[in-house]
Amino acid sequence: MSDTWSWGKCEETIDRMFDALDWSALGKLYFRHSFSQNVLEHCVEVAHLCGLMAAELGEDIQIAKRAGLLHDIGKAMTHELEGPHAIVGANFLKQLGESPEIINAVASHHEEVPHENLFGV
């Protein structure tokens, strides 16, 4: 893990972005690694970058951060369910009643489905 990352900083970021979510799924990402990077750390970093890009483009910063944080949520359950993590994650978020914008952003971030908004690019 990088020297600048801490669970406390991550927790503060997540708390600011979310009201209700299956926290156990997000927490599982802490124990997952992809290409030697902690997946939760990666998701938090992507959330920050998405927020910065959204600000520059005049888009909704909170939606961009939420999409960035949740884009790899399917990696928390790909060992339990079959399919690409983007689709698994989108289906999981749909069951939780997440907004269609976020669902599409998660499902389309590897271009397995067409993106319907800027957040899925």
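His115 touches Asn104, Ser108, Gly120 and Val121, when residues up to four places away in sequence are not counted. In this predicted model, His115 is placed in the segment after α6 and, with a relative accessibility of 44%, counts as partly exposed. The C-alpha atom of His115 lies 9.5 Å from that of Glu101, a residue 14 positions away in sequence. Two of the residues touched by His115, Asn104 and Ser108, are listed among the buried residues of α6, and the description of this helix is taken up again below.

The secondary structure of the protein amounts to 6 helices and 2 strands, which are arranged along the sequence in the pattern α-α-β-β-α-α-α-α. Of the 121 residues, 43% count as buried. When contacts between residues at least 6 apart in sequence are considered, 54% of them join residues at least 24 apart.

Helix α6 is largely enclosed by the rest of the structure, because 7 of its 9 residues are buried. These buried residues are Ile102, Ile103, Asn104, Ala105, Val106, Ala107 and Ser108, and the elements that cover them include α4 and α5. Helix α5 also has buried residues of its own, namely His85, Ala86, Val88, Gly89, Ala90, Phe92 and Leu93. Just after α5, Gly97 adopts a positive phi of about 85 degrees.

A search of the whole structure finds 2 salt bridges. In one of them, the side chains of Glu98 and Arg66 meet with an N to O distance of 2.9 Å. Glu98 is found in the loop between α5 (85–95) and α6 (100–108), whereas Arg66 belongs to helix α4 (residues 61–70), so the pair ties together parts that are 32 residues apart in sequence. Both partners fall below the 20% cut-off for burial: Glu98 is buried with a relative accessible area of 13%, and Arg66 counts as buried at 15% relative accessibility. The other salt bridge is formed by Lys75 with Asp72, whose closest N and O atoms are 3.5 Å apart. Lys75 and Asp72 are likewise both buried.

On the surface, a nonpolar patch is formed by Leu49, Leu52, Met53, Leu57, Leu118 and Val121, which together have about 640 Å² of accessible area. Leu49, one of the patch residues, lies in helix α3 (residues 39–57). Val121, another member of the patch, is also among the residues touched by His115.

The largest pocket contains about 360 Å³ of space. Its lining is made up of 21 residues, of which Cys50, Met53, Leu118, Phe119 and Val121 lie nearest the centre of the pocket. The elements that give two or more residues to this lining are α3 and α4, and the largest share, 6 residues, comes from α3. Met53, Leu118 and Val121, which are named among the residues nearest the pocket centre, are also named as members of the nonpolar surface patch.

Positive phi values also occur in residues other than glycine. Phe35, although not a glycine, has a positive phi of about 50 degrees and is placed in the loop between β1 (33–34) and β2 (37–38). With a relative accessibility of 84%, Phe35 counts as exposed. Glu111 counts as exposed at 71% relative accessibility, while His115, at 44%, counts as partly exposed.

Note on methods: Residues are numbered from 1 along each chain as its sequence is written. This is a predicted model: local features need pLDDT of at least 70, side-chain atom pairs count only at pLDDT 80 or more; totals for chains, interfaces and linings use all residues. Side-chain values use heavy atoms; hydrogens and water are left out. A salt bridge is a side-chain nitrogen of Lys or Arg within 4 Å of a carboxyl oxygen of Asp or Glu. Helices (H or I, at least four residues) and strands (E, at least two) are DSSP runs, numbered from the N terminus. Buried means under 20% relative accessible area, exposed over 50%, partly exposed in between (1.4 Å probe, protein chains only). Patches are made of residues with over 30% relative accessible area and no salt bridge: like charges are joined within 9 Å, nonpolar side chains (Val, Leu, Ile, Met, Phe, Trp, Tyr) within 5 Å. Accessible areas come from the Shrake-Rupley method with a 1.4 Å probe; for residues, only the protein chains shown count as cover. Contact means heavy atoms within 4.5 Å. On a 1 Å grid over the protein atoms alone, a cavity is a set of points where a 1.4 Å probe fits but cannot get out, and a pocket is an open set with protein on both sides within 12 Å along at least five of seven lines; lining residues have an atom within 4 Å of a point. Grid points are joined across faces, edges and corners, and a volume is the space filled by probe spheres set on the points.
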